[in-house]
Amino acid sequence: MDQLTTFFSMGSYGAYVWPAYLLTAAVMLSLLLTTLQRLRRNQAELAQLESLRAVEDQQELQKKAVRS
Amino acid sequence: MSVFHRFANPNRFLKLTNTVLPWVSGLTAISLLAGLYMAFFTSPADYQQGESVRIMYVHVPAAWMAMFVYSSIAFASICALIWRHPLADLAAKASAPIGAGFTFLALATGALWGKPMWGAWWVWDARLTSVLILFFLYLGHMALMNAFEDQERGNRAAAVLAIVGFINVPIIKFSVDWWNTLHQPASVMRMDGPSIDPSMLWPLLVMGVAFKLFYLVVLLIRIKSELIEAKLRKYRRALVDNA
């Protein structure tokens with residue numbers, strides 16, 4: 001327990017050391033998470049548009065088959 | 001130039017990215033954990049600065065990244081303007097927010113280190129001021145890229161800003177030698193080799209590598225995302241044209 005308290009007090013500089021590390025973690029994590037979120041959103045939209053196109057192509061083919 | 005142009009093809013780039021990404025991500029996690037362990041447990045307290053010196057292991061790598069990412073943007077901008085490399089604009093666009101994040105971290109962790117060591121969160125000396133200008137250059141770059149209806153014009157304007165603004169990078173690097181400052185002079189990247197003790201140099205280098213790998217991971221995902229967005233724009237246009 002004493003060891004932990006010494007560790008977290010950082011020789012009385014804890015109030016400066018820990019915020020520096022927490023801020024770094026926060027900025028890097030939010031960079032990574034917003035980037036991943038955007039990728040997922042784009043991938044989902046792409047899949048949707050591609051399936052829409054596939055349906056349209058199918059209808060086009062059927063129309064051609066009926067005509068001929 | 002041939003290697004360079006091989007990856008100009010977006011499909012080839014995506015293929016390569018997808019194979020490389022899991023490995024780079026794993027290496028990033030390992031080096032981050034190792035760096036943090038060394039920063040807190042194997043490296044000693046400084047004989048003058050005590051435990052506050054541990055701020056160095058995030059402050060210095062963040063400052064390295066601030067300059068490295070900016071240099072990458074300037075390089076990508078040159079490639080975009082001269083060779084019209086199709087991925088160069090995307091790389092510059094994807095890099096800017098990451099660089100801005102690291103520059104912010106360099107400034108903020110520097111303030112947290114400056115307060116107990118210098119007695120001030122901020123001083124208007126050449127090093128701190130030139131890094132603040134770097135932060136504004138990043139913000140300007142991001143704003144310019146999206147300022148035009150025509151994306152091509154935005155890209156070109158941002159590329160010119162990035163190249164002109166590159167003059168600030170050597171100013172940052174040598175600011176501690178050219179002007180009087182409270183900031184420490186270079187102790188790692190020196191002509192006569194590092195002057196810092198190995199017990200502190202190693203955790204610093206490992207954290208530096210970890211931050212570089214992190215940049216690569218986020219950059220690759222962002223470029224991938226940009227390529228999908230380009231495809232989405234094309235599809236949407238086709239849908240509108242069909243209707």
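# Notebook: a look around chain B

I began with confidence: chain B has a mean pLDDT of 91, and 96% of its residues reach 70 or more. I note here that this is a predicted model. The scores I wrote down for the model are ipTM 0.89 and pTM 0.91.

**Entry 1: overall layout.** I counted the secondary structure of chain B and got 8 helices and 0 strands. Reading along the sequence, I wrote the pattern as α-α-α-α-α-α-α-α. I then boxed the C-alpha atoms of chain B along the principal axes, and they fill roughly 70 × 35 × 35 Å. Chain B has 243 residues, of which 35% count as buried. I also looked at contacts in chain B with a separation of 6 or more: 75% of them join residues 24 or more positions apart.

**Entry 2: helix α4 of chain B.** I wanted to know what span the 31 residues of this helix should have. Helix α4 covers residues 88-118, and at 1.5 Å a residue it should span 45 Å; I found its end C-alpha atoms 41 Å apart, which agrees. There is a bend of about 30° in α4(B) at A96(B), and I spotted a proline, P97(B), following within four residues. Is this helix mostly covered or uncovered? I found α4(B) mostly covered, with 23 of its 31 residues buried. Just past the end of α4(B), I noted that G119(B) takes a positive phi of about 80°.

**Entry 3: the nonpolar core.** The largest nonpolar core holds 61 residues, and I listed I55(B), A62(B), A66(B) and A92(B) as those with the most contacts inside it. I checked which helices supply at least two residues each: α2 (14-67) of chain A, plus α3 (56-83), α4, α5, α6 (151-165) and α8 (198-242) of chain B. The largest share, 15 residues, comes from α3(B). I followed up on A66(B), leaving aside neighbours within four places in sequence, and its contacts are G99(B), F102(B), T103(B), A106(B), V131(B) and L134(B).

**Entry 4: Y138(B).** I located Y138(B) in helix α5 of chain B, residues 126-145. Why does Y138(B) count as buried? I counted 26 other C-beta atoms within 10 Å of Y138(B), so it is buried, the cut-off being 20 or more. Beyond its neighbours within four places in sequence, Y138(B) touches A96(B), G99(B), A100(B) and T103(B).

**Entry 5: L144(B).** I stayed in helix α5 of chain B, where L144(B) is found. L144(B) has 20 C-beta neighbours inside 10 Å, so I logged it as buried. Which residues does L144(B) contact, leaving aside its neighbours within four places in sequence? I wrote down G154(B), A157(B), A158(B) and L161(B).

**Entry 6: where the chains meet.** I finished at the interface, where 23 residues of chain A are in contact with 31 residues of chain B. I sorted the chain A side by residue type and got 16 nonpolar, 5 polar and 2 charged.

Terms used. Residues numbered from 1 in each chain as written. Chains lettered and ligands numbered in written order. Predicted model: local features only at pLDDT ≥ 70, side-chain atom pairs only at ≥ 80, totals over all residues. Buried ≥ 20, exposed ≤ 12 C-beta atoms within 10 Å, placed from the backbone. Contact = placed C-beta atoms within 7 Å. Nonpolar A, V, L, I, M, F, W, Y, C, P; charged D, E, K, R; others polar. Expected span 1.5 Å × (residues − 1). Bend = angle between axes of the 7 residues up to and from the residue. Core = buried A, V, L, I, M, F, W, Y, C linked by C-beta atoms within 7 Å. pLDDT = per-residue confidence, 0-100.
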